[in-house]
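This report describes one protein chain, first as a whole and then at selected residues.

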Amino acid sequence: MFSRIGIVGLGLMGGSLGLAIRRQWPGSLVIGVDRKDVIERATITHVIDVGAEDLGMISDAELIVLAAPVAENERILADVAALVSGDAILTDLGSTKRGIVEAGRNLHGCATFIGGHPMAGASVAGLEHARPDLYADRPWILCPSRPSAALPKLKEFVAALGARCVEMSAEEHDRLLACLSHLPQLTASALMHVVGEAAGREGLAIAGRGLQDSTRLASSPPDLWRDVCVSNADNIGPALDTLIEVLKKLRGDLERGDVLETIFKSAQEWKAQLEGR
């Protein structure tokens, strides 16, 4: 499908993509761009075939995937587009889409940018956690800014990796992800902070599985999420406000339990929908 594929950023997402590509298309050349030490580890572990710190390494790639943090992807997009020598397809794996899709709309040259976001990940980051099945049977959202002949080929690429392609606007993506991803992350981190401060090391030693399950996301790295929150603050803020209002209702109803029962029943119904997909 693509004989030369470039990946900029070889953390969990970019590294997993490299492994998935090399498993699906062993004849394709996977080129990585990252720090020297990361490139060395990625080459040794067969995540990529070749790599370097210089973006020029991917100038002749047919598909280029930006897998760095959100702000970094936006910063280097124009530089990458200016380097490509042919009708390359550019996409990204970032958790917010409006900023980079707008930047992609104004690119000069032959490259075509289509925003992307696989709904996959883990509570830990880094190349050492990359795995080839990370994207299998997961939704992979594509946010084209205009009709493009590149879109069907990118959809075919996504499907061949075992993911389920979903198309929507960048605005709808950011609105939905504020509730589906960004709010759960902030909630889990805030919950773990409050519980940890209150219980301490000794208290946490006797915690049950419920706390572990409900705070799985609390291991996520703050530097990645800082970019996400800044770039989607206008959607995340109202989502947090709604959650705070619900918590206030629960706080005011502790001695009666009427609101608690209503919210728990609603939660059970929506959880069943989530599990049943």
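## Basis

The model is predicted: local features need pLDDT of at least 70, side-chain atom pairs count only at pLDDT 80 or more, and totals for chains, interfaces and linings use all residues. Residues are numbered from 1 along each chain as its sequence is written, and side-chain values use heavy atoms, with hydrogens and water left out.

## Overall fold

The chain has 10 helices and 8 strands (DSSP runs numbered from the N terminus, H or I of at least four residues for helices and E of at least two for strands). Its radius of gyration is 21 Å, close to the 19 Å of the globule rule for 277 residues, so the chain is as compact as a globular protein of that length. This radius is taken over C-alpha atoms, and the rule is 2.2 Å times the number of residues to the power 0.38. Along the principal axes, the C-alpha atoms fill a box of roughly 70 × 40 × 30 Å.

Of the 277 residues, 38% are buried (under 20% relative accessible area, with exposed over 50% and partly exposed in between; 1.4 Å probe, protein chains only). Among contacts (heavy atoms within 4.5 Å) between residues at least 6 apart in sequence, 70% join residues at least 24 apart.

His117 lies in strand β6 (residues 112-118) and counts as buried because its relative accessibility is 5%. Its side chain makes a polar contact of 2.8 Å with the side chain of His173. A polar contact is a pair of N or O atoms within 3.5 Å; within protein, one must be able to donate a hydrogen and the other to accept it, and residues adjacent in sequence count only if both atoms are side-chain atoms.

Not counting residues up to four places away in sequence, the residues that His117 touches include Ser95, Trp140, His173 and Leu177. Ser95 is in the loop between β5 (89-92) and α4 (98-105) and is also buried, at a relative accessible area of 19%.

## Ile236

Ile236 is part of helix α9 (residues 233-252), and its relative accessibility of 4% makes it buried. Beyond four places in sequence, Ile236 touches Ala178, His182, Leu186, Val228 and Cys229. Leu186 is 50 residues from Ile236 along the chain, and their C-alpha atoms are separated by 9.5 Å.
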